[in-house]
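Please examine the sequence and the structure shown here. A short report accompanies them.

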Amino acid sequence: MKKIRFEEVSAAAQILVRYPGRSALTMLGLAIGVAAFIAMVSFGEGARRSVIAQFEMLGTNLLVVSPFSGQREALNKAVQPLTDSDVQSLRREATTLRDVIPVARSDQDVSHDGLHHWLRITGTLPGYPDLHSWTLVGGGMFDLTDVAQRAKVCVLGATPARILFGDADPLGQTVTVGGVFPCRVVGLLATKGYSAGGDDLDDLIIIPVTTFDAYWGSAAGYSRLELEPLRPSLMPAAEREASEILARLHRIDDGDDDFKVTSPIEVIRAVERTSSILSDLLRGIAAVSLLVGGIGIMNIQLVSVAERTREIGVRAAIGASPTQILSQFLWEALVLTVVGAAAGVGLGLTIASITAEVMQWPRVISGPGIAGGVAFALGVGIVFGFLPARRAAAMDPIEALRHE
Amino acid sequence: MISTEAPASEPPIVDLRGLHKTYTFGESAVEVLCDVNLRIGAGEVVSLTGPSGSGKSTLLNILGCLDRPTAGAYRLGGRDVSGLSRPAQAWVRLHFIGFIFQSFNLIARASALENVGLPLYYAGVLRNRREELARDLLDQVGLGDRFDHLPSQLSGGQCQRVAIARALACGPRLLLADEPTGALDSRSGAEVLELLLRLQRRQGLTVVIVTHDLAVARRADRQVHLLDGHVVEGQERAA
């Protein structure tokens, strides 16, 4: 029985040899459908992973406190800056935090040997790169002694290092910051590239927060406080606790905080939600194109059955049962589907690879995506192959033999 | 009632009794076959003649289990086949009946070997054995050197030989030939007829030949003439 089944398939496969042109046309629609499906799944997944990877670069075990006026200004209520006393209180009182790192920022000119570059100066503490999982490729981070002494030292991002020094080694060299003070380069940051928003993450220079204060003052307060929870799982508790402490310090009693606490993880989750909706949408569109491919198979098989009416009559006359005729045309549809789907897998993977290359996404080969596409294609082939096959099987042999 | 009795004493291969076939078109009904009684013995060659519209094709379709009588009984090899379902009819056609058509009706895109092997394929014979049998059959019809030729690469006479080989593939008891020489020139027609009769004698086949050609009809053991759905004449060949 098994062998006969195999022979049925191989007999049906002869359609590829006997009607090569028509077979290719039949398969084209389905191949494109499968390719679109696989490419879409791969696009969606690649885009998603790429966006998430970019957000993860910003640090995931991290809470950010920033000043937030909300409705307060409109209501004429004071917005207090984030100050050193906030930092000290959080360090002293919070039980869920490992570290609190103040960050002061200002856009300034940095120059070296006649070359100038305008960038964001970050005044902070030695723990900053670690908190952002940022490694150094040369030298080291300044330490707490440098902070205590308001040392004129800096760590350069990859972009200013390239612009100001070209191929030369910036370590130990001096840059002039803000046109006012010379600063020795003690460390070089690894490259992070661009954020999802298109910002150059490497375009920065880090100096001790005390040095920053000495030149630009801290009256306006810190740009943000970065909080590191003891564990990622403590994130919600840490967020609550920090909010309570700060609200008390800022004497907020109406719940209308003058700061806000956010977490990159929330952003990542939001991005994940959005991109999974996008992926579903892409899959849906691809599924429609598969369906259209299936209808193509049905149409061409219907034409094929009509054209081969006489052949069907002959087969019936010499003793083929209706079931055998049904099965012949169903297998033909299936053979076309399988070959078309296989071609579609190849095409889809090629498209996905090229896109990943061009878009600089991670190249995602989704096993479930391929399996899903092929399974859907097979289902479509069986369903849409059935109607023409049934029509062939139901033909009256006498009528069919009379057909010209 | 005119009845045509088979000369042989053994049970007939074909036994039609009081056969009627009526086609209904809305209100009107046309009786195409009317009270046909016919027995054909094993190994007998019968020619079926009659003007167009006389019911030849319908009778042939019923004999070939492609159609069913409206009334009456058809026993094929002793078995009543007048009320079979479509799959059962197909089974009978496959195992008991061989068809030869005027226009050969070969599968155009299949080789001679594949055409001959087709009934064997439907009978569930596996590929190797099938090809072996098909080669043997093509040898018997004198086409031992044309296995891989497509019908378009063969002459009319050769195509009809392939069709004969195909009709014989499953070892039928009854061969139905519808104008087998009608599409051939007189010479290859005569050759095909001789081949057919030679194989018939060798295998003791029962053959019904529908023909307009009196020369062909005269080669039969018995001539059956149809007129307006009635069998009007049963003439045995002068020995």
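The report below treats the model, its chains, their contact and the packing of selected helices.

## Basis of the model

This is a predicted model, in which local features need pLDDT of at least 70, side-chain atom pairs count only at pLDDT 80 or more, and totals for chains, interfaces and linings use all residues. Residues are numbered from 1 along each chain as its sequence is written, while chains are lettered from A and ligands numbered from 1 in the order in which they are written.

The predictor assigns the complex an ipTM of 0.91 and a pTM of 0.71. For chain B the average pLDDT is 90, and 93% of the residues score at least 70; pLDDT is the predictor's confidence in each residue, from 0 to 100.

## The two chains

Chain A contains 14 helices and 10 strands. Helices (H or I, at least four residues) and strands (E, at least two) are DSSP runs, numbered from the N terminus. Chain A has a radius of gyration of 34 Å, well over the 22 Å that the globule rule gives for 404 residues, so chain A is more spread out than a compact globule. The radius is taken over C-alpha atoms, and the globule rule is 2.2 Å times the number of residues to the power 0.38. The C-alpha trace of chain A spans about 105 × 55 × 40 Å along its principal axes.

Chain B contains 7 helices and 10 strands. Its radius of gyration, 18 Å, agrees with the value near 18 Å for a compact globule with 239 residues. Along the principal axes, the C-alpha atoms of chain B fill a box of roughly 50 × 40 × 40 Å.

## Contact between the chains

In the interface, 21 residues of chain B are in contact with 18 residues of chain A; contact requires that the C-beta atoms of two residues, placed from the backbone, lie within 7 Å. On the side of chain B that touches chain A, helix H2 (86-96) and helix H3 (112-122) of chain B each supply at least two residues. The largest share of that side, 6 residues, comes from H2(B).

By class, the side of chain B that touches chain A holds 12 nonpolar, 3 polar and 6 charged residues. Here Ala, Val, Leu, Ile, Met, Phe, Trp, Tyr, Cys and Pro count as nonpolar, Asp, Glu, Lys and Arg as charged, and the others, Gly among them, as polar.

## Helix packing in chain A

Helix H3 (residues 20-57) of chain A crosses helix H12 (residues 322-359) of chain A at roughly 40°, and their axes come within 6 Å. Axes are lines fitted to C-alpha atoms, for helices over the stretch in contact, and angles run from 0 to 180 degrees between N-to-C directions.

## Helix packing in chain B

The axes of helix H5 (residues 156-168) and helix H6 (residues 186-203) of chain B come within 9 Å and cross at roughly 20°, which makes H5(B) roughly parallel to H6(B). Their contact has 6 nonpolar, 4 polar and 2 charged residues.

How values were computed
Angles under 35 degrees count as roughly parallel, over 145 as roughly antiparallel, 65 to 115 as roughly perpendicular and the rest as oblique.
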